[in-house]
Amino acid sequence: MNRVTRRQFMAHTAAGATGLTGILLTRTAPAFAQKREVTMLGWSHFVPESDKKLAELLARFTKETGVAARSDHVPNVQLAAKQAAEVQTKAGHDLMLFYNEQGWRHRDNLVDVDDVVGELNKKYGTDIYPFCKDAFFIKGHWKVLESIWPAVAGTYLQSKFRQVGEGPPDTWADLLRAGKKLKKIGHPVGIQISHCIDAPTTFWSIAWCYGAKVTEADGKTIAINSSKMAEVIEYYKELYADAMEPDVLSWDDSGNNRCLNSGHCSWIHNPVSPYAAAMAKKLPIADDINHHSSPAGPAGRFVAPNARGYGIWKFSKNIDAAKDLLRFLFREDNLTEWIQAGAGFNHPMWRYWEKHPVWNSDPKLRLLPGEGVYGRMRGWPAPPSDIFGAIDDLYILPDMVAKAIGGMSTKDAMAWAADQIKRIVDSTRS
Amino acid sequence: MGRIGQVLQREGILGHLLVLPALLLLAGLVAYPFAIALWLSLTDSIVGRAGHFIWLTNFVSLFTSDEIFRQALRNSFVFTGTAVAVKTALGLCLALLLAQNLRMKRLIRGAVLLPWVIPTALSTLGWWWMFDSLYSVINWSLIHMGLIHERLQWLGTPHLAMSAVITVNIWRGLPFYAITILAGLMAINPELYEAAESDGAGAWGRFWHVTLPLLRPVLAVVILFSTILTFADFNIVYVLTRGGPINSTHLFATLAYQVGLQAGRIGEGSAIALVMFPALAAIVYFQLHYARKEV
């Protein structure tokens, strides 16, 4: 073995350090490492086949265009932190997945994709679900190209409902009535009241159905302290005490899926992923699972689906290639395959896609695309803003409910939430 | 020998050169991010957007109007105080046990280190399953032993959730205490024990008058490091509870992450992350000062 003298070591270290400093200062990788590549960061899909299909489509894009393409994935809850890291350092992927208000939060750092949407509208029409447009058409420009909104439906075990003489609940009151019977036979219903994304999703849905709102339509006047919101909290308290088990206070986004697929829970409020997982794993419970429209309330039927889509960072060095990649992924043949791979989870923003064969491939999926008409963006009737993103990300709404369940009076719980929201409103510049 | 060689022969210059890479790393990876965080904490920045300089408004607001922050403050003291106290007591006991002439001594000492060696996020996932509301092996065992009749909601009840995150922190941190204290025990001159024994000291007397006084500098350093690391803990709470239920397990790091990165309010998040810096710096100063005096 050759001995390295101290002098040689110092010389090599100095050369290496000089090279690294040069790369960092110029922010340019050495020429031999440079290769044109479009990169995207998305979530780890709840239906893994969808991510596999995406990888396949990217490989096809590379073959067609000669431009390499790669998609990285992180768990849903980590996306916001990754976006923050990339935007603060102005470095990272070319395309980023955003959901709900995240596009709004990063609007100043996103390229307009009006041209791409305009081209796709020529093919798919302009009949777009309003909540998708609310989420991603920001201040007169498309900032994010919506790729997935999963219908949040009632997902239930048919045998358990039959056992207690109930059908699929059409209203939240029906769910409460059935849930009381179901808990007695050891099969409670389950809605997260915890620090996860599903918890505010269901909360917004129930609140709207009861006519409650968090702010007035101006998005700043706090309206959470109301008799209708009190009704919502009382509903949650009764549902928790008589139809659910305390597990719901600790569930993450997959907690309800696991509970349903284990056969313990009889009903959850969720996209189609538990059924898709049961089918993919050939679990016997798949036969028992079915879906129904998200329940209605005295004020109507409303639901808060998570709209997800890709945007292009302004600091990307591959903006044109990134747009080409979006055009490729949303081309009819490719999008058809991508939707199919989602097994009922992936729905683009155009109603045109309600005709996709996946919805008719299984009677249990047939109602899902129709759920889009009940969709609203969080904050509704106010337009999306940083305020509602923060309310969701700080879990103020499920915490308000959890406090009331934990013994705080409904009035005090609403006052607590109003204080927290006021802090957010006061410290948020539009 | 060339001119560079001659210069490198001078110890003063070579010494500085050898320290330089470490200094550059510290400046780049510690001082620079710290300065940026300090600046952000004095602004109302949202991620990706320039904020306005607002002096100490973030800090004042945290203490005067943020109930969640005040809860995280209380949680941090309960979490750190309990975990450090239990780790110190158990670590001392474990170190005394490991110092005995046990069979397979090396194997046991190696095994004790395992919780500290496994990546925290990975081991905490194991604990997450053990505390799972539906599949908890702890609940299963307690029910089958007849100690409880209903499943305990380890991560869904505020006090149990706090107990759970403290338990995992103790499990993970104990080896660090045990091995470091063991090293301190090994360094104590056996003649001191012999002298104490000849003066009539029993086991307790030898521990109280010889072991403990001579371990004090080691204990001071171990407690110092552990206090800082426990205060700054993130992984355990993030994996197990994400600060829930109802913020009852939020610590500074998890709340700063939630506010600064997840909700994008990076100015406020930075203030939460830095709020304990003066207090921790004071603890470091006094404990190191104390340890130096003891040595």
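## A bridge to start from

In chain A, Glu146(A) has Gly309(A) as its bridge partner in S11(A). That bridge belongs to a predicted model, where local features need pLDDT of at least 70, side-chain atom pairs count only at pLDDT 80 or more, and totals for chains, interfaces and linings use all residues. As for labels, residues are numbered from 1 along each chain as its sequence is written, while chains are lettered from A and ligands numbered from 1 in the order in which they are written.

Three bridges tie S6(A) to strand S11 (residues 308–312) of chain A, and the two run antiparallel. Helices (H or I, at least four residues) and strands (E, at least two) are DSSP runs, numbered from the N terminus; two strands pair if DSSP finds at least two bridges between them.

## The sheet in chain A and its helices

Zooming out, we get an open sheet of five strands in the order S2-S1-S3-S11-S6 (chain A), with mixed pairing. Strand S2 (68–74) and strand S6 (145–148) of chain A sit at the edges, each pairing on one side only. On average, neighbouring strands here are turned by 30° against each other, direction ignored.

Two helices lie over these strands. Helix H13 (residues 319–329) of chain A lies across S1, S2, S3, S6 and S11 of chain A, running at about 155° to S11(A). Axes are lines fitted to C-alpha atoms, for helices over the stretch in contact, and angles run from 0 to 180 degrees between N-to-C directions.

## Domains

Chain A splits into domain 1 (36–150 + 306–361) and domain 2 (154–302 + 382–426), with bounds from an automatic or database domain assignment. Their C-alpha centres lie 28 Å apart. Where they touch, domain 1 of chain A puts in 18 residues and domain 2 of chain A 16 residues; a contact here has C-beta atoms, placed from the backbone, within 7 Å. H4(A) gives the largest share of the domain 1 side, three residues.

Chain B is assigned domain 1 (1–41) and domain 2 (57–294). Their centres, taken over C-alpha atoms, are separated by 33 Å. This contact takes four residues from domain 1 of chain B and seven residues from domain 2 of chain B.

## Where the chains meet

The contact between the chains uses 32 residues from chain A and 29 residues from chain B.

Leaving out residues up to four places away in sequence, Val401(A) touches Ile193(A), Phe203(A), Ile233(A) and Tyr236(A).

Then there's Trp380(A), in the loop between helix H14 (332–341) and H15 of chain A. Trp380(A) counts as buried because 22 other C-beta atoms lie within 10 Å; the cut-off is 20 or more, with 12 or fewer for exposed and partly exposed in between. Its C-alpha atom is separated by 7.3 Å from that of Ala217(A), 163 residues apart along the chain.
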